[in-house]
Structure formats: C-alpha cells, structure tokens
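This report describes a protein model from its overall dimensions down to selected residues. The sequence and coordinates are displayed first.

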Amino acid sequence: MANHAVEANFDGLVGPTHNYAGLSWGNVASKSNVSAVSNPKEAALQGLAKMKQLADRGYVQGVLPPHERPHLPTLRALGFSGNDADVLAQVLKKSPELLAAVSSAAAMWTANAATVSPSADTRDQRVHFTPANLGAKFHRSIEHVVTGRALKSIFGDESHFAHHPALPAVSHFGDEGAANHTRLCSDYGAPGVELFVYGQRALNDKAKAPKRFPARQTFEASHAIARLHNLRDEGVVFAQQNPEAIDAGVFHNDVIAVGNGNTLFYHEMAFLNEHSTLNGIRERLTGCELQAVRVSGSEVPLADAVSSYLFNSQLLNTNNGMLLAVPGECREVASVSQYLDKLVASGGPITAVEVFDVKQSMRNGGGPACLRLRVVLNDDERAAMHRGVVLTDVLYDRLTLWVEAHYRDRLSQQDLADPMLLQEVQKALDELTGILSLGSIYDFQRG
C-alpha cells in the first residue's frame, strides 16, 4: 500500500550577489554572458514569481535561502587578512577571479543542492538527504556546509529524516546532486525507481568519457549516494550520460532529460546506452508502465535543446495529464517551439506547456528545473517538517518586500569588492532567517 504523498518543490531564492562571472566551464550559457551587468533584484523577483505561479496552482512550494556571499571565511582560510574591507580590497587586486568565485550566487540552483530519496524507497523508511559536494567547481564546492545546515533546519525530525555529510571532496566522488538524479514511480507514495546518471567512471580510465568538457558526476559518487540512502537494489538504475552530449554543453543530465511519475522526457542523445537504460527502468518500475517520450535530433537538434533548455523544464502532474513548465527561450527557438506544439497535440502524457520568465537565471545557465529541489513527502513527513519555508500568499508578499528593500538592480564584477555590498548582504540574510525562522545557519551569524 502506498502512503499518500506529494512532490514538494523547494526553489532556491536568488541571492543578492547574483552576477555573471562565467565560472562554469562546460555551461555554454554561463560562459557566453561573462562580465555582463546583472540585475539581482529582477532575478530574485522572477524566481519568486515562478514559485508563486506554481503555488497558486496547488503545488506544494518551498523556499530555500541563498548563501552568504562574498564568503569571507573562505578568503581568510586562503590567507587574506585584516578587516572585511581590507580582505575584499586585497583579493580584488591580487585575484579578482577568486573574488568572483566566492561571490557566486550559484546556490540559487537547488537542483544541485542535494540528492533526496523518499521514504518509500529507503530501507529505514526515512527521507534521506545528502548535500552535493559540487567538487568540479571551486565556487560551488564551498556550498555544502550551509546547504546541510538549511536542510537540517527544515527537516529536523530524525524519526522521519536522515542527513548525510557531503561525499569526500575529490574528483573521484564528484557529486552534483539531483541535477543527475530523477525518480520514476506509479505514485509518489509508492516505491519507485531512482535513476542515477553519471558522466564518467573515475576509477576506470579506459571507460568512455567526454573529451572537451568535464564530467561532473561520477559513477562512484552515484553508487555511494545509493548506499548511504539505504536504497534497495531493485529500485535503482545507474546510467551513463552520453559523452557527446556533455561535450555539446549538456553539463548535467537535467539539461537533456526530465522525469516525473511514470514519464521520462528525454533527447535521443541523453544516454550512452539508451535501450539498456530504458529496459532497466521498465524491469524495476512496478504498478505502471514507463512512458518514454523520446525527442529525436531531427525534431530538435542537440544545440537547440541546449540553447533553449527544453529539458531543463519542470514536469508536473495536473488533473488532465502532465504540465511542462518551460523557460521563455523555448518559444524563441523555432524547432523547439514547433516541437512543443506537436507534443501537446500528440495525445501523450504531456498535455500542456506553460512558459515561465527566468531570463536572469537562464543567462547564467539555469532554467526552471535548475531552480528547484524535489522532495517527496508523505502526510506525516509534511507535518514534521518546518513549515516556515512553505510559500503562502503572506510569505510571498513578505519575501517580495524583502527583495525590494535589500537587493540592488545593477551589479558588475567591480561591485563585488564593495564593503557596503557585504554589509547589505549580511543585513538582508539576517532578516531572512528571521522571516523563515531557520535559526543561525550562516557563518557570520555563528561567530
């Protein structure tokens, strides 16, 4: 018997230092907008508007807080000293690239925050969380500590929730979280199939791997997460991402595939071994049949899939089939727009398409699906979690006013060294933890 459960989406609130530093090699959109002037206020409001639209439609929508940036503790650990203003001035002069890295607001993309396994899949019947070590990129590798604190604050009841530390921060165990993990099931509360997609085998240098861009998720990391989460062997499938897709700019699997319920929506270039991946899912999926929606390269060329972020969309249940929540760019690329019209008319499981404006995020390489972490919760687990982060009309209004009060509408790379920006960020985040009742999760709050 399946427990009643819902899939809650926890979106990352875009941080006050949202900027375009082009830090992510392999992410084409990120590199193409290097040094452009960003608008943190607009980015945060766009993210909140997306959350509100989904909450208004009846989906359970949560909020995850941004991180403290610039992160002075990291700079001090690397040998910079003096007061905060001195540290910022030193790093701007000696290593502006480092300043950009410790000022990144990339934690907004909570699909990378952690891997989450629902209690229906785990042997101890608890929801398991493992923050991603994000070891492939320095600017993201410093996130997992605060991510872990936030998740423990929200999901603190140990009778329902289990938390694991991030995997060892070495390339062999590179872990990018839910961006390379999805779950297929007959019902959210029933045992499902967890699909882990990896880019390479770190301990096997003879295995196929991308040649141009790095593979950020390893086979070894995916297996370690499955073991830590006490997943049943019969409920797990491991698949390798197509190296050619990675070299074309598909840095995460969620840029080329998305799953929900019994439906997997994917490009033909998504998996190295497409047929064995689908067969593995079919063999393990119980209570329903897999609905595989395959997009061919003749319908949508891989380059168009990457530029539009067609697959970095949210796939959501409705009373009449599934809704595909896409970024506005999908309607600006002719092949993708035409395909979406054909998809809705096909009579398949995806029956509606809705456009969301997340341009500020898209310019840095993140679509609607990047902005959310999916957490399946049954009724008891929803009652046990901290409710202060669940988006309501009241919370939406408070957060909108908070953004309007604290965020700048223009931010350049030079602005990152402004000591006033650091003070603005700390004041804003201190107020935010009060609004969300999260306690002291930031380093500056903990002394």
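## Basis of the description

This is a predicted model, in which local features need pLDDT of at least 70 and side-chain atom pairs count only at pLDDT 80 or more, whereas totals for chains, interfaces and linings use all residues. Residues are numbered from 1 along each chain as its sequence is written, and side-chain values use heavy atoms, with hydrogens and water left out.

Of the 447 residues, 60% are buried, where buried means under 20% relative accessible area, exposed over 50%, and partly exposed in between (1.4 Å probe, protein chains only). The accessible surface comes to about 17,000 Å², with 49% belonging to carbon and sulfur atoms; areas come from the Shrake-Rupley method with a 1.4 Å probe, and for residues only the protein chains shown count as cover. Among contacts (heavy atoms within 4.5 Å) with a separation of 6 or more, 76% are between residues 24 or more positions apart.

## Nonpolar cores

A nonpolar core is a set of buried Ala, Val, Leu, Ile, Met, Phe, Trp, Tyr and Cys residues joined through side-chain atoms within 4.5 Å. The largest has 89 residues, of which Phe-10, Phe-155, Phe-271, Met-385, Leu-399 and Trp-402 touch the most other members. Helix H16 supplies the largest share of this core, eight residues. Another core, of 19 residues, lies apart from it and includes Val-300, Ala-305, Leu-324 and Cys-330.

H16 (residues 419-436) has 18 residues and spans 26 Å from first to last C-alpha, close to the expected 26 Å, a figure given by 1.5 Å times one less than the number of residues. Its buried residues, including Leu-421, Val-425, Gln-426 and Leu-432, pack against helices H3 (72-77), H4 (84-94), H15 (393-406) and H17 (443-446). Ser-437, which follows H16, has a positive phi near 55°.

At the start of H16, a side-chain oxygen of Asp-418 reaches to within 2.9 Å of the backbone nitrogen of Met-420. Arg-408, in the loop between H15 and H16, makes side-chain polar contacts with Asp-418 (3.0 Å) and Glu-424 (3.0 Å). A polar contact is a pair of N or O atoms within 3.5 Å; within protein, one must be able to donate a hydrogen and the other to accept it, and residues adjacent in sequence count only if both atoms are side-chain atoms.

## Two buried loop residues

Asn-312 lies in the loop between helix H11 (302-308) and strand S12 (314-318), and counts as buried because its relative accessibility is 0%. A polar atom of its side chain is 3.2 Å from the backbone nitrogen of Cys-370.

Ile-256 is in the loop between helix H9 (243-247) and strand S9 (257-260) and is buried, with a relative accessible area of 0%. Beyond four places in sequence, the contacts of Ile-256 include Phe-265, Tyr-266, Leu-302 and Phe-311.

Notes: Helix = DSSP H or I, 4+ residues; strand = E, 2+ residues; numbered from the N terminus.
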